[in-house]
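Okay, thanks for coming, everyone. Let me put the model up and then walk through a few bits of geometry.

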Amino acid sequence: MADAQITNFSVGEKPIEQGFVSFKKSQTSQSIPSNAIILLKDKDGNIAYQTTWQQVAQQNLAVKPGTYQVESYIEKDQQHIPISISSANPVTVQINKTAEVILDYQQQDLKLHISLDHAQPADVKNNNIEVKVTNKQNNSDVQTVKVNWGASVAIDLKTNTNYTLSAADIIGQQNSYQFTFTPSDINTSSAVKDYYSNIKVSSTPIQTYKVIANVNGLPQDKTTQLSINQNGQTVLTQTIHNGQDNSFNLQSGTYKATATTLIDGDYQYTLAPVNFTVNKQDTNALTLQFNKEKVGSHVRGWPNYIAMGAVTDANTQNPAQLKGRLVDAIFKYAGDGGNGDRGRLVYPIYTQNTYKLANELSALNKLPTRPVMVVYTAEMSGGTSFEDFKNNTSTAEIDNLILTKHFINLMLLSQVMQLEHDKYKLAGSIILNPDLMGMIQQQKLYQSLLGTNPTHIDVDKALQQAYWFIHSQHDWQIQLNNDKTLDVKATTPIAVIQMAENGEFKDQGIYSPWDIKVPWENAATGILKQYQSSNSEPSSIPVFSENFKGWVQATNWVVKTFAPSITFGWQENVWNANSANWVHADLSPVQVQDTISKPTVELWQQAGLYHGQNKPDFLVFDKYERNPIPGEAGSGYIWNARDWDNYLTYVKQMSQGLDNIPVMLWQIPGGHLQTTSESTAITHGATGPDFFLGNPDVEPDLSNLQPYIRNINLADATYNCQHDNACQLPDYLKDLNGSSNYDWNKDNMDKARASNVFAILWGGGSTTSVGTFPMDDGGWLAKQVNRYQEEQQ
């Protein structure tokens, strides 16, 4: 079958406007490698399209009409070997027309061999020096290459070109090091193929002075890592312990001391940043006082380390999606629509399947895998709506007894999870009502829901109706899809569901729960209509207030009553205070507390979500689930280390404000900072896994990031780029409160533990996760998760 090309796809009357670009090589071009990168940049210099020669050599590229600057190159040894564009450039693409781009590739045979014979000095941390090779005829043509101490490298040069070589000084602990090149200028010609330059090293002694650090507050026999920073650069790292025998040497000047938070048992030990000055004297004194805080308690059924989780489609026929990918949990949105299925009774088949898949993965991976169901009983992810709190009767079934049906669905899901828990001996959890509290705070809905005259919610009647439906033995007449009628006498709803799961209706042509799902839902809707107000209220139902606070307590009671072995928590957002872009500011913990955490804790306390005998087990925080790079860069969803630190400060303060409740980070985008060694057929750009688990593949200076990441310019008004005038993404990623050397190789799980985090669940329905669903990153995140898991065992 020939490849099909869909054009002018439309919804309604307006077709998608697009044109096409045809890529060809010139008659004189050498063979273009299949992995050659081709970029189309918009008028602002941003990458609009990225593709490879392999993808466009035989077919056109569909793009939006407009004018694009075309660039092409080959990645080799962290260098860009350019491919010339011999056609008009920029290229203009018109609607439904094809523009032609001609590439001309001429392989360069000229080599420059740069050698550094000097061994790495003992007082220098850098494993290499960075050499710049600049085209003197075009200063924008600069190649940067790292040369390891005692080693050499070779790079490609152009013929008939004049180059100059340079390297910045490196400052060590006792010396500064300067570099000269012999020769420093290279003039190429076609007659010579190999050129050589040797790096000479000279040093200048630096006067240093002794600093004695008096460390207090750490547990005895425990150590942690001290970092000394100056002007945004880390100049010293050293292991420290309690006492006065911690010493090191520094030049005179002003510094900042920070330390890795130490977790020991139920307590964490943190050091607030200490600014100090080293004077020109024999000895300088420094006092480091650690603060001891109790950390959050353990969540029943979860590991004693920070658990790793992944999204799933609950396809029991495809356990391969997470086979060999060592997650402690999988999560799935409950119901058919994943939005609460307002106005419908829903057979809990996805809950059953999620538990089954979790049990199978537990056996396959030899690691307990907990099912987590995401449940809406009031949905505001799509905007403000009070419909889910209504319980009117209506001839339109979708509008009939909405609140009652929500309680029934929650009771059924809870019953199923308890039964599956008992069958598989496998813990499970529930996440309640994503975005609800965020919308209530952002839109100030608390004024009507929690004010002096709160909106009436018919909690009592809805609970009575739901309890009657769940606990009564009904006569079922289920019209099956095969035109048979299944009669089941005096049986509760959950019992019918169990019978179907156990295969007791095979003689009626029901071989799986899918065969009875919709017929059961139709029959259940008919049974609910039989409820009469004369049915007596069960004495086991507590009395709840007829408002939002009563609805919250009733919801907590349902889960605790119908699924006593299942843990649960309510969810909060980052954008609840108006927008999530507050994370892009240089904020102190006090500022986060005053502007974000304090009003949020007060709202949650006022609503009573974590009060009473049915108090939830944990708190849930999310982040916008989609990979933000490159598509969501304009919305402010790309986070650097400073932004993640602000987020964790918020998380920790919310936990502490709710009695140190443990925290689950959920639906964290699973994309990462992709490097040039990876395929970008599908982009997976984000920073969450890099921040928490560390990215071992990126260079410290981020020079090997994929071009689609490197070439993004951020909006200063959104990202607060005062430390980087150009607001270029690599510079933003390297920034941490004015420092420009953040290391994305390192993990920050200690910060997560210090913030009472007990689990991180990666991905969502439309973004990268640990498994192959919904999109596979080639196993990159799975590899990091597996590495982390090996460290925990």
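So, how many aromatic pairs does the structure hold? It holds 36, where rings of Phe, Tyr and Trp (its six-membered ring) pair if their centres lie within 6.5 Å, and planes under 30 degrees apart count as stacked, over 60 as edge-to-face and the rest as tilted.

Quick housekeeping. This is a predicted model, where local features need pLDDT of at least 70 and side-chain atom pairs count only at pLDDT 80 or more, while totals for chains, interfaces and linings use all residues. Residues are numbered from 1 along each chain as its sequence is written, and side-chain values use heavy atoms, with hydrogens and water left out.

Back to the rings. F389 and F548 make an edge-to-face pair, 6.0 Å centre to centre with 85° between the planes. That pair links distant parts of the chain: F389 is in the loop between strand 33 (370–375) and helix 3, and F548 is in helix 9 (residues 548–562), 159 residues apart. Helices here are DSSP runs of H or I, at least four residues, and strands are runs of E, at least two, numbered from the N terminus. Both F389 and F548 are buried; buried means under 20% relative accessible area, exposed over 50%, and partly exposed in between, with a 1.4 Å probe and protein chains only.

Another edge-to-face pair is F621 with Y647, at 6.4 Å centre to centre and 85° between the planes. F621 sits in strand 38 (residues 618–622) and Y647 in helix 11 (residues 641–657), so this pair ties together parts 26 residues apart in sequence. F621 and Y647 are buried too. Both belong to a cluster linked by ring pairs, which also includes W582, W639 and W762.

Which residues of helix 3 and helix 6 make their contact? On the helix 3 side, they include F407, M411 and L412, and on the helix 6 side, they include A462, Y467 and I470. Contact means heavy atoms within 4.5 Å. By class, this contact has 12 nonpolar, 3 polar and no charged residues. For the classes, Ala, Val, Leu, Ile, Met, Phe, Trp, Tyr, Cys and Pro count as nonpolar, Asp, Glu, Lys and Arg as charged, and the others, Gly among them, as polar.

The axes of helix 3 and helix 6 (residues 459–471) come within 8 Å and cross at roughly 45°. Axes are lines fitted to C-alpha atoms, for helices over the stretch in contact, and angles run from 0 to 180 degrees between N-to-C directions. Helix 3 and helix 6 are therefore oblique: under 35 degrees counts as roughly parallel, over 145 as roughly antiparallel, 65 to 115 as roughly perpendicular and the rest as oblique.

Helix 3 (residues 402–424) also packs against helix 7 (residues 493–501), at about 45° with the axes 10 Å apart. Among the residues that meet are L412 and K423 in helix 3 and P493 and E501 in helix 7. This contact has 6 nonpolar, 2 polar and 3 charged residues.

K425, in the loop between helix 3 and strand 34 (429–432), has a positive phi of about 55° although it's not a glycine. K425 is exposed, at 70% relative accessible area. N433 also has a positive phi, near 50°, but N433 is buried, at 0%. And two peptide bonds to mention: N89 to P90 is cis, omega near 15°, and F773 to P774 is cis, omega about -5°.
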